[in-house]
Amino acid sequence: MMYPTIPLAQSIIEICRAKGITDIVISPGSRNAPLTIGFATNPAFKCYSIADERCAAFFATGMAQQLKKPVAVLCTSGSALLNYYPAVAEAFYSQIPLVVISADRPHDKIDIGDGQTIRQENVYANHIVYSANLQEEASAENDNKINVAIEKAISEKGPVHINAPFEEPLYDTTEELTVEPKILDVSFENSFSEDLSPFVEKWNLAKKKLVLVGVNQPNSIDKEILERLAEDPSVVVMTETTSNIHHRKFLNNIDVIITPFKEEDFKAFCPDILLTFGGMVVSKRIKAFLRKYKPHDHWHIDTLRAYDTFGVLTKHFLAEPNTFLNRFLPATHFVESSYNHRAQEIKAYRKLKHDEYMTQIPFSDFKVFESVLTSLPENSQVQISNSSAVRYMQLFDMKPSVEVFCNRGTSGIDGCTSTAIGAAVASGKENILITGDVSFFYDSNALWNSYIPKDFKILLINNGGGGIFRILPGHRETAVFNTYFETEHNLTGEHLAKMFGFEYSQAHNLEELNSNLEAFFSKSDSPKILEVFTPVKKNDQILKQYFKELA
């Protein structure tokens with residue numbers, strides 16, 4: 001076995017191994033050489049080399065998202081770790097255990113004019129669950145900080161930062177360990193024993209209960225729970241595509257349901273109790289609705305955090321949603337109410353109007369999503385990029401066997417492709433990224449990656465710019481809008497596909513799209529990109545008219 005001669009590097013490596021961290025994403029550099037050598041030559045670790053630090057951190061985030069355990073990302077000193085920051089913020093808000101390990105110059109070399117040197121300690125202070133600022137020499141104090149960092153990444157489901165100063169020489173190795181780092185064995189209590197009787201009493205008196213589910217892991221809620229919620233006439237369950245929850249009685253297209261509401265509809269639909277679980281919610285309209293027409297109580301279920309999204313949070317249950325609901329619901333009883341019945345009537349009517357409209361519209365972003373989502377392979381996994389792509393997806397039903405993920409922690413476009421590739425590597429499932437053009441080109445270095453699975457596919461919807469800005473209020477057809485908001489362009493993914501070894505095809509109309517989809521989803525010896533070109537000046541008009549037609 002080969003080890004770095006630097007004792008601190010040995011300690012970090014050994015504690016990571018003992019704590020079960022097996023996947024290490026390495027951004028090449030010199031100052032991190034002791035760790036790179038130690039991780040890469042140790043069979044206990046699987047290492048990945050990703051040159052672009054921003055892509056590397058999102059790749060690791062995608063892996064940790066799927067593995068549900070910490071993945072480490074390792075970089076050299078200087079601006080390298082600043083490029084990790086977007087992924088750190090995403091991991092923080094999406095509750096993903098990411099372990100950032102940054103090599104640093106010794107403390108006496110900071111702020112004296114050395115190259116690749118910045119103030120690295122606490123650099124992620126606002127978006128981190130723990131910062132381990134190590135001293136240069138191996139010590140029990142350092143060991144404790146490393147242990148705590150990894151434990152907190154696990155228990156608090158978030159990013160941690162281990163900053164390790166190394167002095168030259170950096171590349172020397174030894175065949176023997178020279179340290180015996182202290183390994184802390186700490187167990188975390190996850191039991192939930194709160195007295196629920198006062199909340200059961202409230203629930204049993206309320207005639208209108210709304211359950212709203214945000215980003216949620218697939219298969220995390222028992223089917224019996226879903227059935228009970230669906231059958232209670234006083235309960236309406238609203239989900240999003242990213243909730244990965246399905247039932248024929250749930251309202252899974254929130255904006256389709258509430259956008260046509262008038263004031264009397266909002267007042268009638270306003271719940272007495274709002275029960276939420278899961279991560280961030282995509283729909284801006286449901287947020288606006290519940291902020292204006294406030295429920296009497298808002299209860300949120302999460303082991304760690306509860307955001308007061310609607311300005312009326314009254315209770316945070318510190319539990320896993322499945323654990324809570326399995327205790328809570330059997331103690332409740334169904335309440336006579338027309339709340340769910342009325343919701344089902346609205347849902348059926350909106351579905352009728354949706355289907356009518358879809359038969360009338362020309363080729364557009366909207367039409368592309370209809371074709372693509374109905375063609376998705378069973379049991380596949382979809383990663384959806386942010387901006388308009390994730391919003392279009394909310395307007396359609398999703399096959400229950402298809403898992404859906406999106407970087408909704410910060411809702412940025414900056415690492416969607418990198419995250420999707422990391423997720424594909426970790427999950428081993430057929431993975432399809434559905435992305436807009438700006439998101440794709442922004443993160444094009446994601447394709448500079450030697451680990452992309454053969455069955456990874458990118459459905460690239462190219463409407464020549466940031467089409468979402470045409471949908472948002474304030475759109476004006478001016479040079480300022482086109483240049484500085486929409487960022488119109490004439491780029492295509494064809495040459496990127498060729499450079500990075502992707503099979504490439506394209507579609508300019510519905511016939512070409514449908515004829516390409518079967519081949520696109522078929523097995524292949526290389527990853528694929530299907531680029532679909534849509535009419536930029538029609539997409540927003542078609543979508544806006546859709547919401548008018550729903551009424």
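Buried means under 20% relative accessible area, exposed means over 50%, and partly exposed lies in between (1.4 Å probe, protein chains only). By that scale Met280 is partly exposed, because its relative accessible area is 25%.

This is a predicted model, in which local features need pLDDT of at least 70, side-chain atom pairs count only at pLDDT 80 or more, and totals for chains, interfaces and linings use all residues. Residues are numbered from 1 along each chain as its sequence is written, and side-chain values use heavy atoms, with hydrogens and water left out.

Stay with Met280. Its place is in the loop between strand 11 and helix 10 (284–292). Helices (H or I, at least four residues) and strands (E, at least two) are DSSP runs, numbered from the N terminus. Which residues does Met280 contact, leaving aside neighbours within four places in sequence? They are Tyr93, Gly214, Val215, Glu240, Tyr307, Arg408 and Gly409; contact means heavy atoms within 4.5 Å.

Two strands pair if DSSP finds at least two bridges between them. Strand 12 (residues 297–301) and strand 13 pair over four bridges. Here Ile301 stands opposite Phe317 in strand 13.

Next, the interior. Nonpolar side chains tend to be buried together in soluble globular proteins. A nonpolar core is a set of buried Ala, Val, Leu, Ile, Met, Phe, Trp, Tyr and Cys residues joined through side-chain atoms within 4.5 Å. The largest one has 42 residues, and Val25, Tyr84, Phe456 and Ile458 touch the most other members. Several elements supply at least two residues each, including helix 3 (53–67), helix 15 (416–427) and strand 17 (457–462). Helix 3 gives the most, with eight residues. A second, separate core of 40 residues includes Val282, Phe369, Val402 and Ile432.

Aromatic rings come last. Rings of Phe, Tyr and Trp (its six-membered ring) pair if their centres lie within 6.5 Å; planes under 30 degrees apart count as stacked, over 60 as edge-to-face and the rest as tilted. The structure holds 30 such pairs. Tyr85 and Tyr124 are edge-to-face, 5.1 Å centre to centre with 90° between the planes. Tyr85 lies in helix 4 and Tyr124 in the loop between strand 5 and strand 6 (130–133), so the pair ties together parts 39 residues apart in sequence. Tyr124 is buried, with a relative accessible area of 0%. One aromatic cluster is formed by Phe192, Phe199, Trp203, Trp299, Phe317, Phe324 and Phe328.
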